[in-house]
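Please open the model in a viewer and keep the sequence panel beside it. The tour below goes from one selection to the next.

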Amino acid sequence: MEAAMGLMRRMPPRHSETALSALLTLLPHHSSDLLSQVDQPLQALCDVDNGKEFILCEYNRDADSYRSPWSNKYHPPLEDGSMPSIEMRKLEIEANEVFTIYRDQYYEGGISSVYMWEDDEESFVGCFLIKKDGSKTGHGRRGFLQEGAWDAIHVIEVRLEDEGTASYCLTSTVMLSLTTDNNAAGTFSLSGSIRRQMKMKLSVAEGHLCNMGRMIEEMESKLRNSLDQVYFGKTKEMVCTLRPPSEVGHMKLPEK
């Protein structure tokens, strides 16, 4: 199992579904662990009741159906599917409205979904998802990429403490893949994933949603910086090392 998880961490996101399927065939007795621990590129489905798209994941799945955060119905229909409590559903509706604004401001479009459920009497969990298709035919507004995808998964465990405080544990995963294909830059492909965790103990005076939103915003800023330094920075360094700029233009001609 340890070797399988190590392999999946090194697998490009675009090939993770194929690799996971192969591992499930090789390790059927670890199927539940693999499905729960391995993050895959997010998929979306349209809620036919209101025409909005929502993101599919393990946290809104019951059997072969997925619950929409917009209508609170399963697609395909499922009669006895698990549902959040009235209090969790109210928080879920508010979180989806706020997260839609956040997504549009930071990502210039895309798809977002938030799911809430109770873990036990004194804790609950929220899953915040963002999927951005940055390709020319997707949600990309600038059209620079032939193919491009950003999948962000934020899972926050909230446990109520004494004296009006709560402890928050945020686990975030970002999967990035992009491909360019033009005359100026040629064909270039880059993909990878990164996962980080953050724990904080905060006052609930302003509400759980404000605390969770600040943590996600801070975490995404850190993840974007890490991706910029690790993937783009290191790639640029390697390219410049392997193919240094021509020094012909800087050479001085001999004097006559």
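This is a predicted model: local features need pLDDT of at least 70, side-chain atom pairs count only at pLDDT 80 or more; totals for chains, interfaces and linings use all residues.

Select Glu108 to begin. Glu108 sits in the loop that links H4 to E6. Its phi is near 55°, a positive value in a residue that is not glycine. Most residues other than glycine have a negative phi, and most peptide bonds are trans.

Next, select Ala63, another non-glycine residue with a positive phi, here near 60°. Ala63 lies in the loop between strand E3 (61–62) and strand E4 (65–67). With a relative accessible area of 48%, Ala63 counts as partly exposed.

Move on to His75 and Pro76. The peptide bond from His75 to Pro76 is cis, and its omega is near -10°. Pro76 belongs to the loop between strand E5 (74–75) and H4.

Now zoom out and show the whole chain as a cartoon. There are five helices and ten strands in the chain. The C-alpha trace spans about 90 × 45 × 40 Å along its principal axes. Of the 256 residues in the chain, 38% are buried. Among contacts with a separation of 6 or more, 51% are between residues 24 or more positions apart.

Colour by domain. Domain 1 covers 1–31 and domain 2 covers 85–242. The C-alpha centres of domain 1 and domain 2 are 23 Å apart.

Which residues of H1 are buried? They are Ala4, Met5, Gly6 and Met8. H2 and H3 are among the elements that cover the buried residues of H1. Then select Leu27, in the loop between helix H2 (16–26) and helix H3 (31–37). Beyond its neighbours within four places in sequence, Leu27 is in contact with Ala4 and Leu34. The C-alpha atom of Leu27 is 8.3 Å from that of Met1, although the two residues are 26 residues apart along the chain.

Strand E1 (residues 43–47) and strand E2 (residues 52–56) run antiparallel and are joined by five bridges. Gln43 is placed opposite Leu56 in E2. Four residues separate E1 from E2 in this hairpin, and Gly51 in the turn has a positive phi of about 75°.

Show the cysteines. The whole structure contains zero disulfides. For Cys57, the nearest cysteine sulfur is that of Cys127, 4.5 Å away, and Cys57 is in no disulfide. Cys57 is buried, at 12% relative accessibility, whereas Cys240 is partly exposed, at 40%.

Turn to the open sheet. Its five strands come in the order E6-E7-E8-E9-E10, with antiparallel pairing. E6 and E10 are the edge strands, each pairing on one side only. On average, neighbouring strands of this sheet are turned by 10° against each other, direction ignored. Within the sheet, E8 and E9 pair in the antiparallel sense over 14 bridges.

H4 touches E6, E7 and E8, and its direction makes about 150° with that of E6. H5 also packs on the sheet; it touches E6, E7, E8, E9 and E10, and its direction makes about 145° with that of E10.

In soluble globular proteins, nonpolar side chains tend to be buried together. The largest nonpolar core here has 32 residues, and Met116, Phe128, Ile156 and Met212 have the most contacts inside it. Elements that each supply at least two residues of this core include helix H4 (86–107), strand E6 (111–120), strand E8 (147–160) and helix H5 (208–242). H5 gives the most, with eight residues.

Centre on Met116. Residues up to four places away in sequence left out, Met116 touches residues including Arg67, Pro84, Met88, Leu91, Phe124, Phe128 and Met212. A second, separate core has 13 residues, among them Phe54, Ile55, Tyr115 and Met175.

Definitions and conventions
Residues are numbered from 1 along each chain as its sequence is written. Side-chain values use heavy atoms; hydrogens and water are left out. Domain bounds come from an automatic or database domain assignment. A disulfide is a pair of cysteine sulfur atoms within 2.5 Å. Buried means under 20% relative accessible area, exposed over 50%, partly exposed in between (1.4 Å probe, protein chains only). Two strands pair if DSSP finds at least two bridges between them. A nonpolar core is a set of buried Ala, Val, Leu, Ile, Met, Phe, Trp, Tyr and Cys residues joined through side-chain atoms within 4.5 Å. Contact means heavy atoms within 4.5 Å. Axes are lines fitted to C-alpha atoms, for helices over the stretch in contact, and angles run from 0 to 180 degrees between N-to-C directions.
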